Amino acid sequence: MNSPGSRRIVLGVTGGIAAYKAAELTRLLVKDGAEVHVVLTESGARFVGAVTYQALSGNRVWTDLWDPSIANNMAHIDLTRGAQAIVIAPASADFLAKLANGLADDLLTTLCLARPRAGIDGAQADCPLLVAPAMNRQMWESPATQRNIARLIEDGVFLLGPAAGDQACGEVGYGRMLESDELFGDVISHFQPKVLAGRRVLLTAGPTFEPIDPVRGITNSSSGKMGFALARAAHEAGALVTLVSGPVSLATPRGVARVDVQSARDMREAVMSRAQGSDVFIAVAAVADYRPAEMSQQKIKRSRELRTLNLEPNPDILAEVGALPSPPYCVGFAAESEKLEDHASAKRIAKNIPLIVGNLVQDGLGADDNRVVLFDDNGSTPLAPAPKLDLARQIVAHVARRIHPHR
Ligand code: PMT
């Protein structure tokens, strides 16, 4: 399962102005199908009240370790049994200090301490703990907080952020909690299998732009969505990802190193200088096969005469990477308007690559969803039409199986 749909998540909210983002995080998780149980600390409840979380989660909100309405008085145990994760957002400096030292003086600290951990007493279940720190930059940078964070990481707690930026106190620096959509993305990423852990993945995405004159050029309508989705999926799978992108207006997936280029020759240079050190190369970019033989230094003026544009071929980046003495595992894409299998298979053979992903331009170019077929030595594997991120995760899983056939 790719998203937390049908997952049970305990969301702990401690005292901090960033609590308003936790309300939105609750909404995003619930919209994605997760069952969310919110636990507020006493200070957490001072910022956004229980009623808000109750309305957003559809579940009762927990605050009190000593709540007499709970028959067995075991909320601190029951809440995490069957939960797939505890997410603390915002996690205050005080809360992190308690957690690092194993204190258990309220419901949230107690349930964190009592969460199931795989391997302890033969337990199979594991309930990972993810914390999103939120505090003033001096508090974040203080030796005590940094000591606590180091200890928490050593204890297997996962850190989400913090980010740097403007703070509610007016100062600027590290300690700002991630935005709710970033937290949501990180929580989902956390659940993805780490099938490419430690692998170096290089990708291209988007169109190229081949200038004709200072204002005009040859390009195409690739949005970059498929390539960016693959970069994100590879990062979620534990890879170190570099994304070489043509001109697109998409945000860089978190944790991905991005190199912006314009023309096919720029893209080739950026790729060739990194290809040798990569384990996997995924060429999703819609690279212009030709460029104007000459670029006019000045804007070409309108005239009534017939004009001819001379074109010369661009380098074939994918074929060049595939021809390296010890190439990375190469994945091509084939964008076709007809005869998908024939054209995609022919390209795979011509470029001498192990895997090509075929798609019809009418199914996916510029769109949020796509329909793809994977062609390799084992034949063809059609994937059901889906959002590009879902397909990207399936392609990443397929690649991982090919490069680690025994896992
Ligand atoms: O960006 P989106 O809007 O999300 O759309 C996604 C997509 C349709 C662009 C994508 O799914 C896709 O099919 N990308 C490949 C498009 C393409 O140009 O295919 P091609 O058949 O022309 O090229 C075959 C392969 O060779 C591709 O992997 C391409 O990156 C690579 N190539 C092509 C030409 C060239 N000079 N250098 C290359 O590396």
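Mentor: Let us begin with a term: a residue is buried under 20% relative accessible area, exposed over 50% and partly exposed in between, with a 1.4 Å probe and protein chains only. What we read is a predicted model, in which local features need pLDDT of at least 70 and side-chain atom pairs count only at pLDDT 80 or more, whereas totals for chains, interfaces and linings use all residues. Residues are numbered from 1 along each chain as its sequence is written, and side-chain values use heavy atoms, with hydrogens and water left out.

Trainee: What percentage of the 407 residues in the protein chain do buried residues make up, and how many helices and strands does the chain have?

Mentor: Buried residues account for 47% of the 407 residues. The chain has 14 helices and 21 strands, these being DSSP runs numbered from the N terminus (H or I of at least four residues for helices, E of at least two for strands). Along the principal axes, the C-alpha atoms fill a box of roughly 85 × 50 × 40 Å. The chain exposes about 19800 Å², of which carbon and sulfur atoms supply 51%; such areas come from the Shrake-Rupley method with a 1.4 Å probe, and for residues only the protein chains shown count as cover.

Trainee: In what order do the eight strands of the open sheet run?

Mentor: Strands of a sheet pair through backbone hydrogen bonds, either parallel or antiparallel. Here the order is β12-β11-β8-β13-β16-β17-β19-β20, with mixed pairing, and two strands are taken to pair if DSSP finds at least two bridges between them. The edges are β12 (257-260) and β20 (379-382), each of which pairs on one side only, while the twist averages 20° from one strand to the next.

Trainee: Which strands does helix α9 lie across, and which does helix α14 lie across?

Mentor: Helix α9 (residues 225-236) lies across β8, β11, β12, β13 and β16, running at about 170° to β11. Helix α14 (residues 388-403) lies across β13, β16, β17, β19 and β20, running at about 10° to β19. The axes are lines fitted to C-alpha atoms, for helices over the stretch in contact, and angles run from 0 to 180 degrees between N-to-C directions; contact means heavy atoms within 4.5 Å.

Trainee: How many salt bridges does the count come to, and which residues are linked in a network of them?

Mentor: Side chains of opposite charge can pair when their charged atoms come close. The count is 22 salt bridges, each being a side-chain nitrogen of Lys or Arg within 4 Å of a carboxyl oxygen of Asp or Glu, and Arg232, Glu236, Asp390 and Arg393 are linked in a network of them. Arg137 bridges to Glu171, with the closest N and O atoms 3.2 Å apart; the pair links distant parts of the chain, 34 residues apart, with Arg137 in helix α6 and Glu171 in the loop between β6 and β7. Arg137 is partly exposed at 26%, and Glu171 is partly exposed at 30%. In another pair, Arg268 and Glu320 have their closest N and O atoms 2.7 Å apart, joining helix α10 to helix α11 across 52 residues. Lys98, which pairs with Asp105 at 3.5 Å between the closest N and O atoms, counts as buried because its relative accessible area is 17%.

Trainee: Which residues form a nonpolar patch on the surface?

Mentor: Ile17, Tyr20 and Phe47 do, with about 340 Å² of accessible area together. Patches are made of residues with over 30% relative accessible area and no salt bridge, like charges being joined within 9 Å and nonpolar side chains (Val, Leu, Ile, Met, Phe, Trp, Tyr) within 5 Å. Phe47 sits in the loop between β2 and α2 and is partly exposed, at 43%.
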